[in-house]
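Student: I should like to learn how to read a structure of this kind. Could we take it up one feature at a time?

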Amino acid sequence: MSRPDDGALPGDPFWDVVQRRHPDVDIVILPPEPATVVDGPAQASMPDARRLARDVDEMFDEMWDLLLPAQPVVHSLVRWEAGIGTGVGAPARSARVDHLQPDEARLLVTAADGALTARTWRVTSPDGPFHRLTATADGITVTMSAHQDVCRLEVRGADVTVGRDALRSLRREAGA
């Protein structure tokens, strides 16, 4: 084993023993790997962000028809929610149905679990006082919850980085 000329390992007890026991083996010590940088939300242009908002809007209509077919369509608009970080946001649309029959809201969430699972969404249903499910597929998250006589449906797109000014603009366009 040879040591680098810069004296990075002189007197290192571990490598001294390795060299003494295995003089015929060449050992190369490489520098540590650079730290892995965790990517944040994808960067999106304004046209891409608007397209994502339209996709969320269309997905909400599809989910309403699939999960709440007997309920009248409730008017709601896509809004831009803040994400984690400056200039990060996600489009979302939600609505709720009030005055359902006893247990109807809970049964709607239970039925939604089966319907989304059958369509290969990844569905989780946390335990708790509310009947709730969260389903994800292709960067879209569907959340449905029930409490007493109320059922709420939300569709949310993936977080995207658009920049602070662009996010303000998207929020103004959405009427928020």
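Predicted model: local features only at pLDDT ≥ 70, side-chain atom pairs only at ≥ 80, totals over all residues.

Student: Which residues of H3 are buried?

Tutor: In H3, the buried residues are Ala105, Leu108, Val109, Ala112, Ala115 and Leu116. Seen down the axis of H3, they fall within an arc of 125 degrees, so they line one face of the helix.

Student: Why do residues three or four places apart point the same way in an α-helix?

Tutor: An α-helix has 3.6 residues a turn, so residues at that spacing point the same way.

Student: What covers the buried residues of H3?

Tutor: The cover includes H2, strand E4 (122–124), E5, E6 and E7. After H3 comes Thr120, whose phi is positive, near 65 degrees.

Student: How should H2 be read in the same manner?

Tutor: The 22 residues of H2 should span 32 Å at 1.5 Å a residue; the end C-alpha atoms of H2 are 31 Å apart, which agrees. Buried in H2 are Ala49, Leu52, Ala53, Val56, Met59, Phe60, Met63, Trp64 and Leu67. These residues cover an arc of only 140 degrees around the axis, which puts them on the same side of H2.

Student: What is the general idea behind a nonpolar core?

Tutor: In soluble globular proteins, nonpolar side chains tend to be buried together. Here the largest nonpolar core has 26 residues, and those with the most contacts inside this core are Met63, Leu67, Leu68, Val142, Met144 and Leu153. Two or more residues each come from helix H2 (46–67), strand E3 (88–97), helix H3 (104–118), strand E5 (131–137), strand E6 (140–147) and strand E7 (150–156). Apart from this core lies another, of 12 residues, including Ala49, Trp80, Ala166 and Leu170.

Student: Which residues does Val142 touch, not counting residues up to four places away in sequence?

Tutor: Val142 touches Met63, Leu67, Leu116, Trp121, Leu133, Thr134, Ala135, Leu153, Glu154 and Val155.

Student: How are salt bridges to be read, and how many salt bridges are there?

Tutor: The idea is to look for a side-chain nitrogen of Lys or Arg within 4 Å of a carboxyl oxygen of Asp or Glu. By this rule the count comes to 12 salt bridges. In one of them, Asp48 pairs with Arg51, and the closest N and O atoms are 2.7 Å apart. Asp48 and Arg51 are separated by about one helical turn, because they are three residues apart in helix H2. Asp48 is partly exposed, at 34% relative accessibility, and Arg51 is also partly exposed, with a relative accessible area of 40%.

Student: What parts of the chain does the pair Arg156 and Glu81 link?

Tutor: The closest N and O atoms of the salt bridge between Arg156 and Glu81 are 2.8 Å apart. This pair links distant parts of the chain, with Arg156 in strand E7 and Glu81 in strand E2 (residues 79–82), 75 residues apart.

A further salt bridge joins Asp98 and Arg96, with the closest N and O atoms 2.9 Å apart. Asp98 is partly exposed at 32% relative accessibility, and Arg96 is partly exposed at 47%. Salt bridges that share partners also join Arg79, Glu81, Arg152, Glu154, Arg156 and Asp159 into one network.

Student: Let us turn to the loops. Is Gln71 buried or exposed?

Tutor: Gln71, in the loop between H2 and E2, is buried, with a relative accessible area of 14%. Leaving aside neighbours within four places in sequence, Gln71 is in contact with Trp64, Val97, Leu100 and Glu104. Pro129, in the loop between E4 and E5, is exposed, with a relative accessible area of 71%. Pro129 and Ala146 are 17 residues apart in sequence and 9.7 Å apart in space, C-alpha to C-alpha.

Student: How many helices and strands does the protein chain have?

Tutor: The secondary structure comes to four helices and eight strands. From the N terminus on, the elements run α-β-α-β-β-α-β-β-β-β-β-α. Of the 176 residues of the protein chain, 33% count as buried. Among contacts with a separation of 6 or more, 58% are between residues 24 or more positions apart.

Definitions and conventions: Residues numbered from 1 in each chain as written. Heavy atoms only, no water. Core = buried A, V, L, I, M, F, W, Y, C linked by side-chain atoms within 4.5 Å. Buried < 20%, exposed > 50% of the residue type's maximum accessible area, 1.4 Å probe, protein only. Contact = heavy atoms within 4.5 Å. Arc of directions from axis to C-beta. Expected span 1.5 Å × (residues − 1).
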